[in-house]
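I opened the model to look up a few features and wrote down what I found. The entries follow in the order in which I made them.

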Amino acid sequence: MTDLPAFLAYARKSKALLAIPAFTQAGNTPAERELTYKIQAPNASCLYRHVPIVEVIFALFRPAVLDLILVKCPNCIAENTTWGLDHTWCGMAAHEFLEGDAKKDGTRACVVVDATPMVHANFKTIKEKYDHRKVESVYNDMGIADLKRFHDNYPQFFVPGHPDTAVDCIARSAPAEVLSDGYNQ
């Protein structure tokens with residue numbers, strides 16, 4: 001189980017706008033245990049890493065980012081899937097809320113917190129995605145259409161593919177002044 005207070009402390013320290021704990025995925029087969037975004041797998045050397053993409057699965061948002069996604073972005077919440085949102089929101093949030101060079105792309109807006117890894121149990125509760133092959137095919141077609149919509153509507157923020165490289169790694173051996181955020185834990 002993730003140490004939630006520690007996760008929140010590292011997310012705050014990173015100054016990220018969106019954060020996710022590093023995670024592995026439960027499953028009976030290697031295919032079921034494979035992560036869509038391998039960049040989110042735990043890195044034992046890091047406390048946290050700045051990354052260009054954070055999956056929708058269980059991201060933590062700052063309130064202003066949630067407002068940006070739910071209220072100010074007319075096309076961010078689709079009716080069928082969330083495909084494409086995670087390819088876009090780091091860049092969109094960076095553009096809206098960060099300054100200087102950090103505003104140019106989403107790599108300073110999002111982090112994976114390695115210090116508090118978790119296991120995604122993957123109960124496969126999205127009926128349309130997991131019921132049977134015919135439904136899964138229809139769900140995938142809707143997802144691909146949503147992904148294309150994000151690509152077409154927000155090309156300046158869209159991160160293509162599944163990046164597997166972090167921008168940086170705040171090492172577990174980082175000096176105390178790097179880790180201190182001025183808050184009591």
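**Helix α4**

I checked the length of α4 first: at 1.5 Å a residue its 13 residues should span 18 Å, and its end C-alpha atoms are 17 Å apart, which agrees. The expected span is 1.5 Å times one less than the number of residues in the helix. Helices (H or I, at least four residues) and strands (E, at least two) are DSSP runs, numbered from the N terminus.

I noted that this is a predicted model, where local features need pLDDT of at least 70 and side-chain atom pairs count only at pLDDT 80 or more, while totals for chains, interfaces and linings use all residues. Residues are numbered from 1 along each chain as its sequence is written, and side-chain values use heavy atoms, with hydrogens and water left out.

Next I looked up burial in α4. Buried means under 20% relative accessible area, exposed over 50%, and partly exposed in between (1.4 Å probe, protein chains only). I found 10 of the 13 residues of α4 buried, so the helix is largely enclosed by the rest of the structure. Among them are Leu 85, His 87, Trp 89 and Met 92.

**Aromatic pairs**

How many aromatic pairs does the structure hold? I found three. Rings of Phe, Tyr and Trp (its six-membered ring) pair if their centres lie within 6.5 Å; planes under 30 degrees apart count as stacked, over 60 as edge-to-face and the rest as tilted.

Phe 61 is partly exposed at 28% relative accessible area, and Trp 89 is buried at 1%.

For Phe 150 and Tyr 154 the ring centres are 6.0 Å apart and the planes are at 40°, so that pair is tilted. Phe 150 is buried at 1% relative accessibility, and Tyr 154 is buried at 11%.

**The sheet**

I then traced an open sheet of five strands, with the order β3-β1-β4-β2-β5 and mixed pairing. Its edge strands are β3 and β5 (168-171), each pairing on one side only. Two strands pair if DSSP finds at least two bridges between them.

Strand β1 (residues 18-25) and strand β4 (residues 110-120) pair in the parallel sense over seven bridges. I looked up Ala 19 and found that its bridge partner in β4 is Val 111.
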